[in-house]
Amino acid sequence: MTNPSLLILPGDGIGPEVMAEVRKIIEWFGTKRNMAFDVSEDLVGGAAYDKHGTPLHDDTMAKAQEVDAVLLGAVGGPKYEALDFSVKPERGLLRLRKEMDLFANLRPAQCFDALADFSSLKKDVVAGLDIMIVRELTSGIYFGEPRGIIKEGNERVGINTQRYTESEIARVARSAFELARKRGNKVCSMEKANVMESGVLWRDVVTEVHQAEYPDVELSHMYADAGAMQLCRWPKQFDVIVTDNLFGDLLSDAAAMLTGSLGMLPSASLGAPMANGRPKALYEPVHGSAPDIAGQGKANPIACILSFAMALRYSFDLGAEADRLEAAVEQVLADGKRTADLLGEEGVTPVSTGEMGDAVVAALDASI
Ligand code: NAI
Ligand code: MG
């Protein structure tokens, strides 16, 4: 049997710094758990532009299509801001998402007890929270035609079109049901079927996919505006939420902030199943390249570490090991270890990026 393959693209700014900590963890799984990955590393973003004059080389793109999962740090930075749009670092990331056809964006909102005080909500509302928002990423109103600003008589009219095909809805629904089976077995689908035809179709198709393929998963429906209220009122009622591109953009940002710092937030983007049954997958922290703290050893590596935990769970079927890694992170936070972005209380000395990574490895050691 061949080892699962992983392509690492550290990128720019704090990307390489946080990725170095993930490397320690990957190594730990290889030596201590006998779970070796075939890891290759390549350039993306500004780093790729510096070497190749393009933010993503064709060879790197081809490699990304072949591996079981891609893990990306972050791209961009002030050095590249004046570049032409066509070669901007962000284009490298957009090309990956587009050519891998990553239509399901997964954004977890997970609250670690030690950080529950960080939330703007009451502690008992967020403590233990663990939900997943699945946002459709490649269609909907951000892409629909017609679009534009036209002139009608004496005034300008701005136009965007919400458009979803049956197959676009069905595939993201399948992603959500598959995830739910690996989690709490519950999906809530959100749209505005009360006022939008695309919402009526969304509800119908999700229901059909559910009845035909996933009757074992519990399904409910909610209007997206009511869903926004429920997310603030009692988010723990949810397990997996599936919704369209526009509502998902808003709901996932809102849900993420239930739990605190940007340095803690992982994400995944999944596409269609490959020949081996695994979905095409790109894992990355939600944060950017943080040029203001790059090169200073201040970056919090946890968002990137938790992105790797998502890869363990969703690409490699190693759910128990993902639990182990998340528990190690939880332990380190409970022990009071804080990078500078997590400092609330006075008198706590922050740990460096490397110290945080080492602490997670030590907690992993203690778990076996
Ligand atoms: P950012 O996420 O890089 O930083 C926002 C703030 O959060 C900064 O103060 C930063 O120091 C802090 N921060 C972010 N991640 C952190 C971490 N792991 N630990 C501690 N503090 C952290 O967003 P910003 O400043 O808007 O963008 C900076 C660059 O990153 C830009 O070039 C932008 O285009 C790019 N970017 C790239 C993304 C990606 O690669 N997916 C996503 C967002 C921005
Ligand atoms: Mg957004």
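Biologist: Which residues of helix 12 are buried?

Modeller: In this predicted model, the buried residues of helix 12 are Thr353, Met356, Gly357, Val360, Ala363 and Leu364. A residue is called buried if 20 or more other C-beta atoms lie within 10 Å of its own.

Biologist: What makes the buried residues of helix 12 line one face of the helix?

Modeller: The arc. Seen down the axis of helix 12, the buried residues fall within 120°, so they line one face. In general, an α-helix has 3.6 residues a turn, so residues three or four places apart point the same way. On the other side of helix 12 are Asp365 and Ala366, both exposed.

Biologist: What covers the buried residues of helix 12?

Modeller: The cover includes helix 1 (15-32), helix 10 (302-314) and helix 11 (319-334).

Biologist: How do you know that the length of helix 12 is close to the one expected?

Modeller: Helix 12 runs over residues 353-366 and has 14 residues. At 1.5 Å a residue, 20 Å is expected, and the first and last C-alpha atoms of helix 12 are 20 Å apart.

Biologist: Why does the span of helix 9 agree with its number of residues?

Modeller: Helix 9 (residues 245-257) has 13 residues, which at 1.5 Å a residue should span 18 Å; the end C-alpha atoms are 18 Å apart, so the two agree.

Biologist: Which residues of helix 9 are buried, and what puts them on the same side?

Modeller: Asn245, Phe247, Gly248, Leu251, Ser252, Ala255 and Ala256 are the buried residues of helix 9. They cover an arc of only 145° around the axis, so they lie on the same side of helix 9. Among the elements that cover them are strand 4, strand 5 (130-136), strand 8 (186-191), helix 8 (224-233) and strand 10 (240-243).

Biologist: Which residues are buried in helix 4, and what covers them?

Modeller: In helix 4 (residues 89-99), Pro89, Arg91, Gly92, Leu93 and Leu96 are buried. Their cover includes helix 2 (46-52), helix 3 (58-66), strand 3 (69-74) and strand 12 (279-285). After helix 4 comes Asp101, with a positive phi near 50°.

Biologist: Why does Val286 count as partly exposed?

Modeller: Val286 has 18 C-beta neighbours inside 10 Å. Buried requires 20 or more and exposed 12 or fewer, so a count in between is called partly exposed. Val286 sits in the loop between strand 12 and helix 10. Not counting residues up to four places away in sequence, Val286 touches Ala256, Leu262, Leu265, Ser267 and Ala303.

Biologist: Where is Ala290, and why does Ala290 count as buried?

Modeller: Ala290 is in the loop between strand 12 and helix 10. Ala290 has 23 C-beta neighbours inside 10 Å, so it counts as buried, the cut-off being 20 or more. The phi of Ala290 is near 40°, a positive value in a residue other than glycine.

Biologist: Is Asn34 buried or exposed, and what makes it so?

Modeller: Asn34 is exposed, because 7 other C-beta atoms lie within 10 Å and exposed means 12 or fewer. Asn34 belongs to the loop between helix 1 and strand 2 (38-41). Asn34 is not a glycine, yet its phi is positive, about 55°.

Biologist: What makes the peptide bond from Glu145 to Pro146 cis?

Modeller: The omega of that bond is near 0°, and the bond is cis. Pro146 is in strand 6 (residues 144-152).

Biologist: Which domains does the assignment give, and how many residues does each bring to the contact?

Modeller: The domain assignment gives domain 1 (1-113 + 125-129 + 263-368) and domain 2 (139-257). Their contact takes 13 residues from domain 1 and 11 residues from domain 2. On the side of domain 1 that touches domain 2, strand 4 (104-110) and strand 11 (266-273) each give two or more residues. Strand 4 has the largest share, four residues. By class, that side of domain 1 has nine nonpolar, two polar and two charged residues. The centres of the two domains, taken over C-alpha atoms, are 26 Å apart.

Biologist: How many residues surround ligand 1, and which are the closest?

Modeller: Ligand 1 is surrounded by 22 residues, and the closest are Gly76, Gly263, His287, Gly288 and Asn300. The shell divides into 11 nonpolar, seven polar and four charged residues. Gly is counted as polar here.

Notes: Residues numbered from 1 in each chain as written. Chains lettered and ligands numbered in written order. Predicted model: local features only at pLDDT ≥ 70, side-chain atom pairs only at ≥ 80, totals over all residues. Near = placed C-beta within 6 Å. Expected span 1.5 Å × (residues − 1). Arc of directions from axis to C-beta. Contact = placed C-beta atoms within 7 Å. Domains from an automatic or database assignment.
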